[in-house]
Amino acid sequence: MELDGKCPTGPMESRWTRHKASIKLINPANKRKYSLIMVGSGLAGASGAASLAELGYNVSCFCYQDSPRRAHSIAAQGGINAAKNYQNDGDSVYRLFYDTVKGGDFRARESNVYRLAEVSNDIIDQCVAQGVPFGREYGGTLGNRSFGGAQVSRTFYARGQTGQQLLIGAYQALERQIGLGKVKMYPRTEMLDLIVVDGVARGIVVRDMVTGKVSSHLADAVMLATGGYGNGYFLSTNAKGCNGTAIWRAHRRGAFFANPCYTQIHPTCIPVHGENQSKLTLMSESLRNDGRIWVPLKKGDTRKPGDIPEAERDYYLERKYPSYGNLAPRDISSRAAKQVCDEGRGVGPGGQGVYLDFAESIGRLGESVIRERYGNLFEMYERITDENPYEVPMRIYPAVHYTMGGLWVDYNLMSNLPGLFVLGEANFSDHGANRLGASALMQGLADGYFVIPYTIGNYLAQGKPAKIDASHPDVKAAEADVNDRVKKLLSIKGKRTVDSIHKQLGLLMWEKCGMGRNEAGLKEAIARIPEIREEFWKNVFVPGSGDDLNVSLEKAGRLADFLELDELICRDALAREESCGGHFREEYQTPDGEALRNDEKFAHVAAWEWKGEGSTPERHTEQLQFESVHLATRSYK
Amino acid sequence: MSGSKDINIKLRIWRQKGPGTKGGLVSYDVPGVSTDSSFLEMLDLVNERLMEKGDEPIAIDHDCREGICGACSLVINGVPHGPRAATTTCQLHMRSFHEGQTITVEPWMAKAFPVIKDLIVDRSAYDRIIAAGGFVSVNTGVGVDANAIPVPKENAELAMDAAACIGCGACAAACPNASAMLFVGAKVSHLGLLPQGQPERQERVLKMVEQMDAEGFGGCTNMGECEAACPKEIKLEVIARMNRDYIGAKVTKRPKGADKGGGA
């Protein structure tokens with residue numbers, strides 16, 4: 001099936017404006033007659049829920065955390081992009097759009113990306129109006145820093161805590177609506193199924209994580225803003241609770257899953273310390289503004305970094321990509337790190353690391369300037385590694401960080417299931433095969449503040465489907481499915497803990513479907529994942545009961561879904577016989593080791609349809625049109 | 001990493017089946033803990049071992065494990081977030097402990113933070129305080145250019161210092177009076193230091209303090225335990241700002257409803 005993204009046509013720069021002018025509206029007095037469900041309270045979820053409530057809709061918002069303020073958007077460090085051109089350095093909406101399309105290796109939808117660049121400026125205005133304390137210059141105007149994949153300074157920041165401050169802004173807007181009674185908040189509540197009636201999304205089934213009570217909630221539309229699925233690799237920079245359950249349950253109910261193999265491996269994370277490692281910690285890409293990345297020139301050089309003379313160091317990013325240097329995009333920087341480590345030139349335990357060195361910047365700018373810019377990041381590094389990065393270079397290594405893939409949505413952010421909308425990292429729409437730094441915050445807030453408030457009205461104005469209540473057989477069936485699954489997980493009483501199986505799955509994914517992928521490895525993973533899945537359903541041990549707070553039960557349900565989702569990641573990676581962005585197929589590379597796209601065969605979105613347990617999913621496509629940016633080999637040299 | 005080794009420790013951990021049930025400290029011997037692992041990774045290890053024996057794991061709140069989400073909340077040897085200054089539990093590493101040490105782990109203790117299970121408490125009171133007034137009432141789409149509101153760098157930095165609060169609750173847990181004034185003061189300061197926060201400055205402080213009292217938090221008696229426990233180093237000065245705003249608002253704020261209505 002060829003999918004239609006329902007993008008407007010005509011001049012790119014006026015598409016969103018014309019679309020907004022043509023879509024249907026709901027009368028202000030009628031908005032209160034509609035109820036909406038938002039799952040997730042991160043940047044996309046909180047901003048969307050607050051904005052829709054401000055418009056007058058009745059919103060129910062759900063999150064698994066104890067408070068909406070803890071969603072993992074909070075951990076984003078470096079910044080948020082916008083095309084303000086406050087630096088007078090040649091930035092524009094077009095340039096942000098161009099950089100994002102190119103950065104995504106020409107696998108994103110042009111119309112969506114242009115809209116994203118266009119509303120980026122409104123986001124900064126909105127956040128400042130809310131009181132987000134962005135970094136400022138002495139004259140009182142907003143400051144900017146540079147990020148990877150761009151040659152302008154367009155990133156707005158709040159120290160190394162930009163995600164936190166933007167989320168707190170959205171959270172406060174959300175709490176204001178909770179106080180006004182327009183949003184009903186359900187913390188510690190996890191969505192475990194989507195209710196679909198006659199092909200239309202009508203509600204969700206949730207489990208109260210404190211009492212264990214399973215209940216259903218019905219609404220006129222359901223929005224998922226539940227983030228990415230990086231924890232499918234066990235070790236990632238995601239929070240421990242981040243999971244793919246909401247989108248996977250929706251997928252099993254008919255929503256197409258697009259480009260699952262587009263996973264972002266972030267180049268600058270703190271290396272693994274040992275087998276009890278529970279998660280990985282990112283060191284912001286902004287550090288690459290002043291830090292230089294290098295490894296020893298010689299294999300197996302075990303001298304201390306300070307003892308290695310300049311002439312015997314390889315600043316490999318500066319060498320290979322002179323015009324972008326240490327600010328080469330994430331996918332390229334990560335692969336380059338893997339390459340030098342594979343050559344035996346990695347540093348630290350097991351040779352799985354490269355240096356990120358601030359000695360030159362400290363010499364040029366002084367330690368106090370570096371401390372002002374990155375002090376909290378340096379402290380975090382020191383707390384984790386017990387090494388002082390002002391004195392010795394940081395050691396970093398790539399780690400799973402973000403997933404560009406997600407549920408397929410059209411230009412209105414609606415999935416192929418009418419009534420189901422998907423926002424933020426949970427959808428697939430804006431970043432193509434690689435996301436640029438400081439663009440995740442931008443997309444989450446664009447979707448929540450400035451896209452969904454318009455596009456959902458257009459859907460609702462098309463008329464209400466027949467009224468249903470909790471006694472509808474499809475609602476009852478979805479609830480029964482959830483209850484059965486909870487009972488089943490508790491009844492297995494096997495020998496393996498959830499985490500031990502999750503680690504096994506994650507290691508397989510990292511080895512076979514990580515930074516480098518090939519046909520044989522992917523086929524092996526596709527054969528082995530069902531074996532691990534079988535082991536899980538036969539031999540997992542979930543202690544406790546379903547009637548109270550049960551952390552093991554929550555984790556088991558999420559792992560059960562990753563055990564299916566991960567297989568789809570591998571299938572998608574196998575089917576995409578090209579290299580693009582974060583998806584690097586070793587068979588498809590240029591003589592100097594760069595990604596080799598195949599635009600003739602693969603300039604499309606792959607959207608997978610669930611065909612039932614034990615059946616092979618079906619791959620649909622949406623052809624991508626490049627009208628404003630010409631398809632070209634991506635070069636950062 | 002420098003000086004990594006394995007140590008053997010003894011834990012005394014608060015176990016409590018559910019809200020309103022009686023809890024108590026239970027001892028566990030924990031051999032073979034890498035000093036490179038974080039405190040939560042040590043608890044992961046304990047939980048894995050418990051489950052291998054068929055027991056229920058210890059329930060704890062945690063999520064980002066990067067010191068920013070504010071979910072983790074353990075009183076370690078009597079100190080919220082443990083012995084290391086300016087460090088959340090999740091960023092605390094086992095190299096802060098020594099061979100043979102006994103470590104006592106308890107939940108946040110404050111009337112307004114009831115225990116849900118083991119070490120997990122209900123901190124929704126903090127959300128309700130924000131909902132009462134911890135925001136700028138501006139709807140999406142205000143459309144004023146961001147640089148049209150200049151903010152002196154010094155104020156922006158001070159606002160950011162206060163805005164760094166992660167809402168973890170350590171301040172109230174550390175306070176002998178279980179006062180939440182560091183938390184409330186941080187939000188009052190963050191918004192009160194910025195031009196955007198001025199229109200609602202008086203209303204905000206009155207409503208937040210009213211909600212704080214309604215939740216059952218105690219008053220501040222200048223002990224300073226909150227500042228010492230705060231993982232984000234929020235200073236007592238935020239409480240001073242809050243008190244000053246509160247007194248000013250109490251004296252000069254007109255009662256609600258005194259505004260004249262109008263419109264076409």
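1. Domain bounds here come from an automatic or database domain assignment. For chain A that gives domain 1 (265-401) and domain 2 (479-606), with centres 29 Å apart over C-alpha atoms.

2. A word on conventions, since this is a predicted model: local features need pLDDT of at least 70, side-chain atom pairs count only at pLDDT 80 or more, and totals for chains, interfaces and linings use all residues. Residues are numbered from 1 along each chain as its sequence is written, while chains are lettered from A and ligands numbered from 1 in the order in which they are written.

3. Now the chain pair: 71 residues of chain B are in contact with 64 residues of chain A (contact: C-beta atoms, placed from the backbone, within 7 Å). Helix α1 of chain B gives the most to the chain B side, with 7 residues (helices are DSSP runs of H or I, at least four residues, and strands runs of E, at least two, numbered from the N terminus).

4. Do have a look at helix α4 (residues 93-103) of chain A, where 8 of its 11 residues are buried (20 or more other C-beta atoms within 10 Å of a residue's own, C-beta atoms being placed from the backbone).

Note on methods. Two residues are in contact if their C-beta atoms, placed from the backbone, lie within 7 Å. A residue is buried if 20 or more other C-beta atoms lie within 10 Å of its own, exposed if 12 or fewer, and partly exposed in between; C-beta atoms are placed from the backbone.
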